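Hi everyone, thanks for coming along. Today I'd like to walk you through one structure, a few spots at a time. Please have the sequence and the model open beside you.

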Amino acid sequence: MAAVQSQDLAQLEIVCKQLYEATDPAQRLQAEKALIELTESPECLSKCQLLLEQGTTSYAQLLAATCLSKLVSRVNPLPLQQRVDIRNYILNYLASCPKLEPFVIQALVQLIAKITKMGWFEVRKDKLAFREVIVDVTKFLQGSVEHCMIGVMILSELTQEMNMADSTRPLSKHRRIAISFRDVCLREIFTLACTLLREVLAKPLNLQDQREHNLVMHLLKLVLNCLSFDFIGSSTDESTDDLCTVQIPTNWRTVLLDMSTLQLFFDLYHCIPPSLSPLVLSCLAQLASVRRSLFSNTERATFLTRLMKGVRRILENPQGLSDANNYHEFCRFLARLKTNYQLGEIVMVDGYPEIIRLIANFTVTSLQHWEFAPNSVHYLLSLWQRMVASVPFVKSTEPHLMETYAPEVTKAYITSRLESVPLIIRDGLEDPLDDMGLVFQQLDQLSTVSRCEYEKTCTLLVQLFDQSAQTYQELLRAPSGRNIEIAIQEGRLAWLVYIVGAVIGGRLTFTCTDEQDSMDGELVYRVFQLVNLVDSRLPQSGNEKIELALLSFFDQFRKTYIGDQLHRSSKVYVRISEVLSLTDETRVLETFMAKVVNNLKCWGRSEPVISRTLQFLNDLSVGYAILKKLVKIDAVRFMLRNHTCEHLPFLGISEHFHLGDAVLRCRTTFYTALTRLLLVDLGEDEDEFELFMLPLTKTFETLTQLFNSNFKQDEAKCMLIGLSRDLRGIAFALNTKASYTMLFNWLYPGYISILQRAIELWYHEPLCTTPILKLMAELVHNRSQRLNFEVSSPNGILLFREASKMISTYGNQILTIGNIPKDQVYPLKLKGISICFSALKAALCGNYVSFGVFQLYGDSHFDNALQAFLKMLLSICHSDLLSYRKLSLSYYSLLECLTQDHMNFIASLESHVVIYILTSLSEGLNALDTEISSACCASLDFVVTYLFKQLAKSNKKSLRLGQVAQEGERLLRTMQQNPELLQQMLSILMNCIIFEDCRNQWSMSRPLLGLILLNEKYFNELRSNLISNQEPEQQQTLNTCFEKLMEGVEQNLLIKNRDRFTQNISVFRRDVTETLRISTAANALKLQPDQADKRSREVITTTRSDIDSASIFKDSFETWSAFAETLSQVTCNQGRCQPPVRRGYT
């Protein structure tokens, strides 16, 4: 036996070495397979124990912890006793071996947290099995520093685990566990952590000692995890960081009203080293974000005063802010203050003038050191933006001083950006203008700040702009060789143009005067002068950053001063007309279009410039009033007559061209805008349309000749991709029957055959097939009823035949591709299939084809399209259907169309296909995306309605019984053989309506009635099981809720009956939720009778008060556990399916 163990140990340690140390990917892959085999082995537990007790390396212990985590995380968990034994064993192991490697301790602690969360509601010997977590950890806290650190890590990891949703398990179950943990343990854990931190301050620790340093670090992480807990299920993330409010429960009031709690963290900040103080500031940021309703007005003012005093103390002793992490967290802390408190409250704080002066000086200094923590500037600008925006609403008589300090912040930002340019160019530093997302975010905030004392902002910008423009002109006239100086001035001008655009855009958020519009005119005419100067140097030389800045300025000016709803007589035009003769918006539009044409001519190979130029052109082409003016401009007429590669090089193929060239993606936008301009005066003039299409006609003729000879495939592919994108843009803009008919007559039959041939040849190259398939999807889309051809026209049928050919060809060919790597399956296969699904759905729902005609006249195109759909569908695994959102949306929307209008086709399918489709519907009902779940509900409703009608007909003695059997017998037989399919969906819908945050309740109620009528016996069994799991005093109430659910509902699916049931569902959901809320107070003490002390009573009080203040707490209670488990598992007890799982996207 010992020899066998020794051999097993040796093999396992080899796996450890390969898994964690090997550099060869093949070895690591082999080791990962061995790890999977180990977790699936019956001997997994014994081998993990062997590794922990006899392993010679830390990696052996890590492997054991990893395997155990995978083992306990399975959907079908280990028996309760085994999990209890594993947890107790790991606790004893950590207690006996406290000096393990940190990564081993972390893995073992995570294992304990996973076991505790998964078994949170499980009962063993009339006692909740995993609730004694604080008692267990207390034993660690009373030991050595190492033991104390392990105890803190367990609490910290458990808090984090409880707050983390698992995509493989129902979200409702996670929320019930999380909020139960919140009510039972979280406050006590937070208080315990604060107590330990007070001991840190009371007893001088040697933080140079790594052990004590780590202990304090884990204590702070524990506090931060407590304060970052998702108390009400709002699921905030970093993208909403500046809007975060910490929804502290009401029973935490006493802890937070004790100002020593807040003062503790300010004292810690000044006592501990910079390596730990960022965690302290993170905790302070959370405390500053505590919900306002937790305090009374007086309490809130006291709390804010203490916060502001702490800020003042930090700013008066700013040495710690030289650390980048400290600086970043402090900026977050400042931003949170204004997010949660009104400016009127802040100005009432004692010492406000001195505090705002310190904050302003800190902001100015931070902006001047632009290279230090650039990602933190957002928080400072956010603070000032919110304060300036609040100025009109301040009712306090105390001065807010924004007019003093906001201009200083604006000046610091502008001058610091300009001063950064020489350093960036000469020293090769990273240019902030390369991250335009960050720049636009900052400029959006600056646009508000700059409008405070706008005259000062305008004067500064005029001065700086004139200085840079004059220097730039002098450098251009000087002899060559001063490229660095020219680049510096171009960089400065780019920043100035961006900033001018931003401050002009800020006009939309303020009530502005004529004087301010005149100031805008001073800035605008200078930018227009720069446009003339820049264009005069094209195409010999140009600067991409200036071009992008000018386009950004144009867009801001368009939004602010051009349009039907805007002031045409704005004073901004007065100064512009004096200097540049641009008297009104028509002349400005001429300048815009001249610049657009110049960019398209001279920047053909610059994707950023072309893309931004065309987006600007597209934005201009949306408004009809502006279109009427644009078509009269010479530059627009030039584009309408000369959209060829000779005049606009980006439409051509250069020597460096490749199939994935990003410029190709811009062509659709270009032709969409251009076609809108064409349509203004087109009417029904076919000759004008033919003239417009002439360049594309020549390209198609060239392609026709190429396909009829031995041609160069790359050249043909490039031409075809460009044509497909061009035509898609044209088709998108054609929203009338007359204009669309012109395009169809031009395209069919000669040119569309070229597209069909290309799909046959290059089906395996998505760069070619994707544009063509998207074009077809656009052509069959009956947008604005443009495809409602004349009754004598066969165009609708002809168009569908072509779409059917393309879908069938692609669908049959793409399935011939062999094994596709997992990371390439979407771009190579699923993306094209998704587009085919979208095209077929658009064609079937367009209402321009009578599909019965195809079968009547023996035309197989309709059947071929449906069969291609089935083949493509069955080649996709269920997990992929919900892993890619575009595929999910296209599939479920197509399925909704098929079940609505072509249910006979669904009914005629083989049993395994029907089961596949219904299983996909079952999984889609659990999707987090309401658009998908609603489509699934609609599809299920059509299926259930069809079944109900077929059953109703089959039960009648009718002469048409044979017809009924012929159409529906196969589907009825499949359902009778697989009753669990509909039963599981009934369980899922009930679970969602009762327990989930049901955002599409109406959609879910529609199929639910049919499911209940078809499965009355199962529904009654489900109802009985649900009620029997409740306390006796609640059973009668719940029984009444279920009786009211079917009150007044008849045994039919008529619209009136459905509406009555939908109304009943709303009442049912409200009453059941309220009943289970009430039962919480009664059950809270019963769950732990030996702990019916003050803490338990606080939990009950908190629960009730939180209900009053936040109804979102409705699904947070322990007594829902058995209820939800019955819903999700009653079908599974029949041994046919797994519990439903809420699904998201990878």
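This is a predicted model: local features need pLDDT of at least 70, side-chain atom pairs count only at pLDDT 80 or more; totals for chains, interfaces and linings use all residues.

Now find helix α6, which runs over residues 102-118. How many of its 17 residues are buried? The count is 12, so α6 is largely enclosed by the rest of the structure. As for length, α6 reaches 24 Å from its first C-alpha to its last, close to the 24 Å expected at 1.5 Å a residue.

Next, salt bridges. Side chains of opposite charge can pair when their charged atoms come close. There are 47 salt bridges in this structure, and I've picked a few to show you.

Take R253 and E299 to start. Their closest N and O atoms are 3.0 Å apart. This pair links distant parts of the chain, with R253 in helix α11 and E299 in helix α14, 46 residues apart. R253 counts as partly exposed, because its relative accessibility is 26%.

Now go to E490 and R537, whose side chains meet in a salt bridge at 3.2 Å, N to O. E490 sits in helix α22, while R537 is in the loop between α23 and α24, so the pair ties together parts that are 47 residues apart in sequence. Is E490 buried or exposed? Its relative accessibility is 8%, so E490 counts as buried.

Here is another pair: R558 and D619 form a salt bridge at 3.9 Å, N to O. Since R558 belongs to helix α24 and D619 to helix α27, this bridge ties together parts that are 61 residues apart in sequence. R558 is buried at 16% relative accessibility, whereas D619 is partly exposed at 23%. Salt bridges can also share partners: D466, E522, R526, R575 and E578 are joined into one network that way.

Let's turn to the backbone. Another cis bond runs from Y748 to P749, where omega is near 5°. P749 lies in the loop between α34 and α35.

While we're on angles, look at two serines. S581 has a positive phi, near 65°, although it is not a glycine. You'll find S581 in the loop between α25 and α26, and it is partly exposed at 41%. S784 also has a positive phi, near 55°. S784 is in the loop between α36 and α37, and at 52% relative accessible area it is exposed.

Last stop: the surface. E684, D685, E686, D687 and E690 form a negative patch there. One of them, E686, lies in helix α31 and is exposed, with a relative accessible area of 53%.

That's my tour. Which spot shall we open up on the screen together?

Definitions and conventions: Residues are numbered from 1 along each chain as its sequence is written. Side-chain values use heavy atoms; hydrogens and water are left out. Patches are made of residues with over 30% relative accessible area and no salt bridge: like charges are joined within 9 Å, nonpolar side chains (Val, Leu, Ile, Met, Phe, Trp, Tyr) within 5 Å. Accessible areas come from the Shrake-Rupley method with a 1.4 Å probe; for residues, only the protein chains shown count as cover. A salt bridge is a side-chain nitrogen of Lys or Arg within 4 Å of a carboxyl oxygen of Asp or Glu. Lys and Arg count as positive and Asp and Glu as negative; His and the chain ends are not counted. The place of a charge is taken as NZ of Lys, CZ of Arg, CG of Asp or CD of Glu. Helices (H or I, at least four residues) and strands (E, at least two) are DSSP runs, numbered from the N terminus. Buried means under 20% relative accessible area, exposed over 50%, partly exposed in between (1.4 Å probe, protein chains only). The expected span of a helix is 1.5 Å times one less than its number of residues.
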